[in-house]
Amino acid sequence: ELWHRVAPARMARDLAWGGAFLALAVLLVIAVALASNLILKPDQSPQRELQDLVRGLSGWGPNVALFLTVAGLAPFFEELLFRGFLLPVLARHQRMAVALTITALLFGATHLQPSGLPVLSTLGLVMGLAMRHTGSLRTPILVHACWNGSLFLLMRAFA
């Protein structure tokens, strides 16, 4: 059943929806980040540890390995856990809105970045909505991979 959610037959449609949900994620995360910046101090960047790690990398090998981990493995396994397993289990026992909220908050919390919880939970909510809308894990995996990959490349470019 889990594999069926990962690879249903509608690949082109799932990928097209991935672009739409990525755009939604960008808009919502910008709004939440702007609101969060009114409360957080400027030195409380939730991405500080990753920025330091990226800044310290030298050579293409470590950069490629970290990129593949951040933009490939992490999105795949996190989406399997949160949207592939946890969301359907919670949805059987709760209303879908409650299941989406719980998985989004857990997604944000597992990143162990308290100042990033609002942004990460918003991203988790959008990926949950993507899974709910398409019925496929490909869409949230794509959104997650594009998000992480873009952040990595931006950090690498400005490190």
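From the N terminus on, the elements of the chain follow the order α-α-α-α-α-α-α, and the count is accordingly given as seven helices and zero strands. The model described here is a predicted one. The chain has 159 residues, of which 38% count as buried. Among the contacts that join residues at least 6 apart in sequence, 76% link residues that are at least 24 apart.

The largest nonpolar core has 20 residues, and the members that touch the most other members are Phe21, Ala25, Leu87, Leu123, Met127, Leu137 and Trp147. Two or more residues are given to this core by each of helix H2 (11–37), helix H4 (60–93), helix H5 (96–110), helix H6 (117–134) and helix H7 (138–158). Apart from this core lies another one, made of six residues, which include Val54, Leu57, Leu66 and Met155.

On the side of H2 the contact is made by Arg13, Asp14, Trp17, Phe21, Leu24, Ala25, Leu28, Val29, Val32, Ala33 and Ser36, while H6 contributes Pro118, Val119, Thr122, Leu123, Val126, Leu129, Ala130, His133 and Thr134. Divided by class, the residues of this contact are 14 nonpolar, four polar and two charged.

The C-alpha atom of Ala31 is separated by 9.1 Å from that of Val119, although the two residues are 88 residues apart along the chain.

The pair formed by H4 and H7 was examined in the same terms. The axes of H4 and H7 come within 9 Å and cross at roughly 150 degrees, so that these helices are roughly antiparallel to each other, and the crossing is right-handed. From H4, the residues that take part are Asn63, Leu66, Phe67, Val70, Ala71, Pro75, Phe76, Glu78, Glu79 and Arg83, and they meet Pro140, Ile141, His144, Ala145, Asn148, Gly149, Phe152, Leu153 and Arg156 in H7. The classes represented in this contact are 11 nonpolar, four polar and four charged residues.

His144, which lies in helix H7, is one of the residues in the contact of H4 with H7. The relative accessibility of His144 is 1%, and because buried residues are those under 20%, His144 counts as buried. When residues up to four places away in sequence are not counted, His144 touches Pro75, Glu78, Glu79, Phe107 and Met127. Of these partners, Pro75, Glu78 and Glu79 belong to the H4 side of the contact with H7, whereas Phe107 belongs to H5 and Met127 to H6.

The pair of H5 and H6 has an angle of about 135 degrees, with the axes 7 Å apart, and that angle makes H5 oblique to H6. H5 passes H6 in a right-handed crossing. The contact involves Met96, Leu100, Ala104, Leu105, Phe107, Gly108 and Ala109 of H5, together with Leu117, Leu120, Ser121, Gly124, Leu125, Met127, Gly128, Leu129 and Arg132 of H6. By class, this contact comprises 11 nonpolar, four polar and one charged residues.

The loop between H5 and H6 contains Leu112. The relative accessible area of Leu112 is 73%, so this residue is exposed. Most residues other than glycine have a negative phi. For Leu112, however, phi is near 55 degrees, a positive value in a residue that is not glycine.

How values were computed:
Residues are numbered from 1 along each chain as its sequence is written. This is a predicted model: local features need pLDDT of at least 70, side-chain atom pairs count only at pLDDT 80 or more; totals for chains, interfaces and linings use all residues. Side-chain values use heavy atoms; hydrogens and water are left out. A nonpolar core is a set of buried Ala, Val, Leu, Ile, Met, Phe, Trp, Tyr and Cys residues joined through side-chain atoms within 4.5 Å. Buried means under 20% relative accessible area, exposed over 50%, partly exposed in between (1.4 Å probe, protein chains only). Helices (H or I, at least four residues) and strands (E, at least two) are DSSP runs, numbered from the N terminus. Axes are lines fitted to C-alpha atoms, for helices over the stretch in contact, and angles run from 0 to 180 degrees between N-to-C directions. Angles under 35 degrees count as roughly parallel, over 145 as roughly antiparallel, 65 to 115 as roughly perpendicular and the rest as oblique. A crossing is left-handed if the near helix is turned anticlockwise from the far one by less than a right angle, and right-handed if clockwise. Contact means heavy atoms within 4.5 Å. Ala, Val, Leu, Ile, Met, Phe, Trp, Tyr, Cys and Pro count as nonpolar, Asp, Glu, Lys and Arg as charged, and the others, Gly among them, as polar.
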